[in-house]
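User: I am new to this structure and would like a short tour. Could we go through it together?

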Amino acid sequence: MSYSNELGVIRKQFDQLRRRPLMDYSYPRYAGAALWALQFQRRLKAPMLLLMKAAPYLLETIEGSEIFAQYNQIISSIEQVRSSCQITQEAPLYFVVHMT
């Protein structure tokens with residue numbers, strides 16, 4: 001599967017599960033959602049960093065610029081979900097997570 005196809009699959013999965021992310025029920029609701037989004041982000045970033053390091057000239061092609069634009073769009077959606085979960089320290093031993 002090409003990276004372009006993988007981006008499409010990840011985007012589709014993320015959009016479908018955004019409101020009710022698949023996570024372990026032992027996680028608090030918003031902390032679990034933030035971890036879920038972080039895993040999508042890591043799944044996308046590793047191949048992109050490898051591509052940028054190994055063959056940056058590929059991103060300068062028409063297809064490469066489209067892939068990079070699609071990647072940035074998905075990452076910004078993931079960042080939006082992650083930033084909507086704000087972590088505040090209530091006590092030294094635990095964190096309370098709430099939506100802003």
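**Salt bridges and a buried leucine**

Analyst: Arg82 and Glu79 are both part of helix α3, where they sit three residues apart, about one turn of the helix. Please note that the model is predicted.

User: What do the side chains of Arg82 and Glu79 form?

Analyst: They meet in a salt bridge, at 3.6 Å from N to O. Arg82 is partly exposed, as its relative accessible area is 28%, and Glu79 also counts as partly exposed, at 32%.

User: How many salt bridges are there in the whole structure?

Analyst: A search of the whole structure finds two. Asp15 forms a salt bridge with Arg11, and their closest N and O atoms are 3.2 Å apart.

User: Where do Asp15 and Arg11 lie?

Analyst: They lie in helix α1 (residues 3-17), and because they are four residues apart there, about one helical turn separates them. Asp15 is partly exposed at 39% relative accessibility; Arg11 is partly exposed at 22%.

User: Changing topic: is Leu59 buried or exposed?

Analyst: Leu59 has a relative accessibility of 16%, so it counts as buried, the cut-off being under 20%. Leu59 is located in the loop between α2 (29-54) and α3 (62-83).

User: Which residues does Leu59 contact, leaving aside neighbours within four places in sequence?

Analyst: Its contacts are Met48, Leu51, Met52, Gly64, Ser65 and Phe68. Met48 is eleven residues from Leu59 in sequence, with 10.0 Å between their C-alpha atoms.

User: And what about Phe68?

Analyst: Phe68 belongs to helix α3 and is partly exposed, at 31% relative accessibility. With Leu49 and Met52, Phe68 forms a nonpolar surface patch of about 260 Å² of accessible area together.

Conventions. Residues numbered from 1 in each chain as written. Predicted model: local features only at pLDDT ≥ 70, side-chain atom pairs only at ≥ 80, totals over all residues. Heavy atoms only, no water. Helix = DSSP H or I, 4+ residues; strand = E, 2+ residues; numbered from the N terminus. Buried < 20%, exposed > 50% of the residue type's maximum accessible area, 1.4 Å probe, protein only. Contact = heavy atoms within 4.5 Å. Patch = residues over 30% accessible without salt bridge, like charges linked within 9 Å, V, L, I, M, F, W, Y side chains within 5 Å. Areas by Shrake-Rupley, 256 points an atom, 1.4 Å probe, with all protein chains shown as cover. Salt bridge = Lys/Arg side-chain N within 4 Å of Asp/Glu carboxyl O.
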